Amino acid sequence: MVLEKGQIVSQRYKILEIIGKGGMAVVYKANDIKLGRDVTFKVLKSDYIGNEDFINRFSTEARAAAQLAHTNIVNVYDVGNEGDIYYIVMEYIEGYTLKELIYKEAPLDNRLACDIAMQIASGLENAHAHGVIHRDIKPENILLTKTGGKLTAKVTDFGIAKANSIENTQGDYMGSVHYFSPEQAKGDDVDQRSDIYSLGIVLYEMVTGLIPFEGESALDLAMKHIKTPIPDPRNINPKVSPEIIEIIKKACAKEPRNRYQDAREMARALKKAMEIKNKTQITQLKKPVPIADNEDDEDDDSLEIKRRERNVIITAVITGILIILLITIGGSMINNTLYGDTIKVPDFVGMTYEKACNKAERKGLTVERKDVYKADVDAGCVAQQTPEKGERVNPGDVVVLYVSFGAGDIQVPNIVGERKSKGEEILAEMGLTLGNVEYVSSDKPIGEIIGQTPESGEMVSADVKIDVKVSQGAADEEVMVPDLKLKTQEEVSLMLDDLGLNAKFIDGYSDTVPVGSVIDQGIAPETMVAIGSQVTVTISRGVRAESTEITSINVPAIIDIQEPSTAVSVSEAVTNAPEPATAAPADKVVSIPVNPDKSVLTDSNTVKVTAKKNGSEITLKELTLSKEDFPFAVNDTSDGSTEYTVIVNGDIIYSETK
């Protein structure tokens, strides 16, 4: 659902312009006619308005967020609906997101990173005190604006984040998995300490410019949050202060009890880190104290300094001896003081489930069983555990034991009603994989699984793939193509998949867009397309190796062939392409066509485009493509006569000197 410019909602809010889109909502700048002020007007996407339970939860959480009032929280003014238009009205912020600041200026200096993180923590402290957990802290949800010459951070998207998590949808979590806490990744209950973990990840990104964990899939990323220690930021930025490193390590502890227990505690640590940094700078700026002219006074000062140094050494030696005595004589006492009545978790891996339960019971622990497929672990035995062996927990705490099905048949889980991405994760946990995906018209939300084969409960071997039918909405339904610029390939896959669109990824080169992020997309943002349409996305592979002969320019190498309303011509692609400083004038851009006879094409075709000048030849493009990817064009600039050759499946289909 797209609102028109000038449209008035609820006889009060006049739409001025669209300013952003997310997985769950479209964001507009609007004017509150009643109060005469500009506001941010966020409208829930049509995918979610058919779910009455979701709408009720969404409204409840949004209204809870509206009760928050804090300098570091974007104010929520109103929540309501007009027909199928469900909206949240928020404070309009002139500024930019923290993600934009990180992209342009990271790594941020220690003081700025601490200041921003401390403001976020302050906002979270206020929210947590009112019983509101954000659950989706990430740089995209932090707005930055100048207030009185000072940079102010404001946390936004409280209501949507929590309502979305309750429904287990993926729409607003495209980039969120990079900031998930381990308990979120495991699907466990969360509290304020989950927000603290996410803030720790954000702080890591501010001081390094990178996220700590990358993965090939959402499940891979989730497992890294659960298992992999946070990398040392100094490996990327040696200037990160020791105090900030300790804050990141504590905030990102795998177990919630080992983190800061509330946002105020983390804010205090950040403030202390800033004060230490300031004191260090002041000390470095101090000038040496001038030496007195009187030589006798100077001797007295030296004796006094030596006397103080001797006293310090004596005190240190005595203290060291006392510590050694305490460790030797009172080791058990210290251990009790440190750990109290906590229990050291035993190693259950490899035990039968019954034996593990008996051992846990003797230790005073509670067991929760989860069955998983592990071909290399005997059926009925523990394949893995959480918490891991050696960790300390309180009496009665839950230990999750993952019990193997063994190498035999697997019972197919029920994934009908889940979103496709979630269903894939559920299958992976059972040792199964997704098979054929068929998109069909349905009154169910787009992206929801409405059928599976084999059905749930059937016993299958591990090599059997589960075919699914996924709703693509009504037969004539169209969706809006989102803005994919700077998103990662994984984020794009999830975004388009949940909209019922297909992603086609190709390589591109850029000296400004980070490796792995989107340079360009074949269908422009905000274009309405039919469900099932393919969107070609160019992913940055870094800076192309320089050549003294030919300089390539960054344009989409493949042009989407769409319906007339969404078609993009080669000339448009060249005209709109960013031109590097060294590029030739626009009239020297050459377009090399790749349009072979379809009869010579197979399901998988190798394509190579070369450029030869003055006896030197380079490869402009080398790809493996399907039949549907033709025709397309490769663009290049040259300051002289260049021979271009296109080779498809080993045969030259085009050769021309331009």
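User: Hi! Let's start with helix α12: which of its residues are buried?
Analyst: Hello! In α12, which spans residues 353-363, the buried ones are Tyr353, Ala356 and Ala360. Buried means under 20% relative accessible area, exposed means over 50%, and partly exposed is in between, using a 1.4 Å probe and protein chains only. Helices (H or I, at least four residues) and strands (E, at least two) are DSSP runs, numbered from the N terminus.

User: Where do those buried residues of α12 fall, seen down the axis?
Analyst: They fall within an arc of 60°, so they line one face of the helix. The arc is taken from the directions from the helix axis to the C-beta atoms.

User: And which residues are exposed on the other side of α12?
Analyst: Those are Glu354, Lys355, Glu361 and Arg362.

User: What do the buried residues of α12 pack against?
Analyst: They pack against the strands β11 (366-372), β12 (382-386) and β14 (398-404). Contact here means heavy atoms within 4.5 Å. Just after α12, Gly364 has a positive phi of about 85°.

User: Before we go on, what sort of model is this?
Analyst: This is a predicted model, where local features need pLDDT of at least 70 and side-chain atom pairs count only at pLDDT 80 or more, while totals for chains, interfaces and linings use all residues. Residues are numbered from 1 along each chain as its sequence is written, and side-chain values use heavy atoms, with hydrogens and water left out.

User: What is Met206 in contact with?
Analyst: Leaving aside neighbours within four places in sequence, Met206 contacts Leu98, Ile102, Ala106, Pro107, Leu108, Ala113, Ile116 and Ala117.

User: Changing topic: how many residues of strand β24 are buried?
Analyst: In β24 (residues 534-540), 6 of the 7 residues are buried, which leaves the strand mostly covered.

User: Which strands pair with β24, and in what sense?
Analyst: Strand β21 (residues 502-508) pairs with β24 in the parallel sense over 7 bridges, and Gly508 has Ser540 as its bridge partner in β24. Strand β22 (residues 518-521) runs antiparallel to β24, joined by 3 bridges, and there Gln521 is partnered with Val537. Two strands pair if DSSP finds at least two bridges between them.

User: How many disulfides does a search of the whole structure find?
Analyst: The search finds 0, where a disulfide would be a pair of cysteine sulfur atoms within 2.5 Å. As for individual cysteines, Cys114 is buried at 2% relative accessible area, and Cys381 is buried at 12%.
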